[in-house]
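Please study the sequence and the three-dimensional structure shown below. The paragraphs that follow lead from single residues to the arrangement of the whole.

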Amino acid sequence: MTDFLRLAEEIAREAGEMLLAKRPTMSREIETKSSPTDVVTALDKASEALIRERITAARPGDRILGEEQGEAPGESDVRWIVDPIDGTVNFLYGLPDWAVSIAVEVAGEVVAGVVNVPARGEVYTAARGEGAWLGGERLHCNTGVPLPQALIGTGFGYAKARREVQGEVVAKVLPRVRDIRRGGSCAIDICSVAAGRLDGYYERGVNKWDFAAAALVATESGARIGGLHGRPIGPEFALCAAPGLFEELHDLLASLDPLRGA
Ligand code: IPD
Ligand code: CA
Ligand code: CA
Ligand code: CA
């Protein structure tokens with residue numbers, strides 16, 4: 001295991017334990033951000049503060065991008081990409097699918113990723129070129145699944161206008177696939193493709209902190225990850241599936257969702 005992965009996992013586990021311990025009393029302290037559906041709890045902020053403190057103590061000078069505090073300018077070519085709670089709405093409601101996601105990027109390439117799902121006792125890890133793991137189990141995504149037999153995960157952004165279009169798109173995807181899941185955490189959705197718990201995943205409007213660690217888990221499991229029309233994964237579009245299904249899902253989504261800004 002690389003030193004980066006070891007440190008990222010240690011920190012993600014510590015944050016997860018803190019969140020599990022404090023959730024019963026503190027998760028209801030909420031504010032809203034971009035819209036009334038976009039919530040942040042006091043524990044999202046506390047988790048990010050703890051993670052930043054640990055990274056800085058171990059590796060002073062590395063840059064850190066986190067959902068709640070953004071990114072301070074810096075010179076280092078090492079950048080930590082942190083979602084202190086991915087799946088805040090699940091966390092708020094006591095549903096188990098929320099995660100602490102930490103990725104380490106060196107010179108613009110993610111080399112290590114951890115997605116800790118504390119309420120399920122599951123930790124996904126990946127190091128570039130060394131495979132993806134769920135605990136001690138090596139992950140391989142499902143292969144050879146045709147679109148009509150594929151279980152597809154997706155998510156919806158917080159803005160109302162975007163949700164309307166996402167609702168129209170999902171209504172057209174639903175009759176063409178086995179079924180749809182809306183799990184509530186982009187990081188877990190992508191790791192679920194790696195683990196064969198989903199066949200594919202797509203979403204518009206996710207951010208680097210949502211997918212950075214999970215995308216490495218997925219590619220190391222054999223899945224393909226990207227955007228529409230050969231572009232890289234990004235806020236514009238995130239798509240993940242085994243090769244073959246990736247192209248089928250891509251072509252369907254490209255025909256349904258021609259970059260309408262939603
Ligand atoms: C959200 C989750 C959700 C996705 C949203 C994200 P947050 O992250 O990943 O599944 O649909 O687009 O913003 O706000 O819970 O960290
Ligand atoms: Ca959020
Ligand atoms: Ca997130
Ligand atoms: Ca978050």
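A residue is called buried if 20 or more other C-beta atoms lie within 10 Å of its own, exposed if 12 or fewer do, and partly exposed in between, with C-beta atoms placed from the backbone. The structure is a predicted model, in which local features need pLDDT of at least 70, side-chain atom pairs count only at pLDDT 80 or more, and totals for chains, interfaces and linings use all residues. Residues are numbered from 1 along each chain as its sequence is written, while chains are lettered from A and ligands numbered from 1 in the order in which they are written. The pLDDT is the predictor's confidence in each residue, from 0 to 100. The protein averages a pLDDT of 94, and 97% of the residues score at least 70. For the complex, the predictor gives an ipTM of 0.98 and a pTM of 0.96.

Two loop residues may be considered at the outset. Helices (H or I, at least four residues) and strands (E, at least two) are DSSP runs, numbered from the N terminus. Ala107 is placed in the loop between β6 and β7. Because Ala107 has 8 C-beta neighbours inside 10 Å, it counts as exposed. Its phi is near 50°, a positive value in a residue other than glycine. His229 is found in the loop between β14 (224-226) and β15 (238-241). With 11 C-beta neighbours inside 10 Å, His229 counts as exposed, and its phi, near 55°, is likewise a positive value in a residue other than glycine.

Leu5 lies in helix α1 (residues 3-26), and it counts as buried, with 22 C-beta neighbours inside 10 Å. Two residues are in contact if their C-beta atoms, placed from the backbone, lie within 7 Å. Leaving aside its neighbours within four places in sequence, Leu5 is in contact with Ala112, Thr125 and Ala127. Ile11 also has its place in helix α1, and with 24 C-beta neighbours inside 10 Å it counts as buried.

How is the protein divided? It consists of domain 1 (3-138) and domain 2 (147-256); these bounds come from an automatic or database domain assignment. The contact between them takes 32 residues from domain 1 and 23 residues from domain 2. On the side of domain 1 that touches domain 2, the elements that give two or more residues include β3 (63-66), β5 (78-86), α3 (88-93) and β7 (109-117). The largest share of that side, five residues, comes from β7. Its residues divide into 17 nonpolar, nine polar and six charged. In this count, Ala, Val, Leu, Ile, Met, Phe, Trp, Tyr, Cys and Pro are nonpolar, Asp, Glu, Lys and Arg are charged, and the others, Gly among them, are polar. The C-alpha centres of domain 1 and domain 2 lie 21 Å apart.

The interior comes next. In soluble globular proteins, nonpolar side chains tend to be buried together. A nonpolar core is a set of buried Ala, Val, Leu, Ile, Met, Phe, Trp, Tyr and Cys residues joined through C-beta atoms within 7 Å. The largest such core has 72 residues, of which Ile102, Val115, Ile190, Ala194, Val217 and Ala218 touch the most other members. Helix α6 (residues 208-220) gives the most to this core, with nine residues. The core draws at least three residues from each of domain 1 and domain 2. Leaving aside neighbours within four places in sequence, Ala218 is in contact with Cys141, Ile190, Val193, Ala194, Ala223, Ile225 and Cys240.

Why is helix α5 (residues 186-194) largely enclosed by the rest of the structure? Nine of its nine residues are buried, so the structure largely encloses this helix. Among the buried residues of α5 are Cys186, Asp189 and Ser192. The helix is followed by Gly196, whose phi is positive, near 75°.

A residue is near a molecule or strand if its C-beta atom, placed from the backbone, lies within 6 Å of it. Of the 15 residues around ligand 1, Asp86, Thr88, Gly155, Cys186 and Asp210 come nearest. The shell has three nonpolar, seven polar and five charged residues, and it draws at least three residues from each of domain 1 and domain 2.
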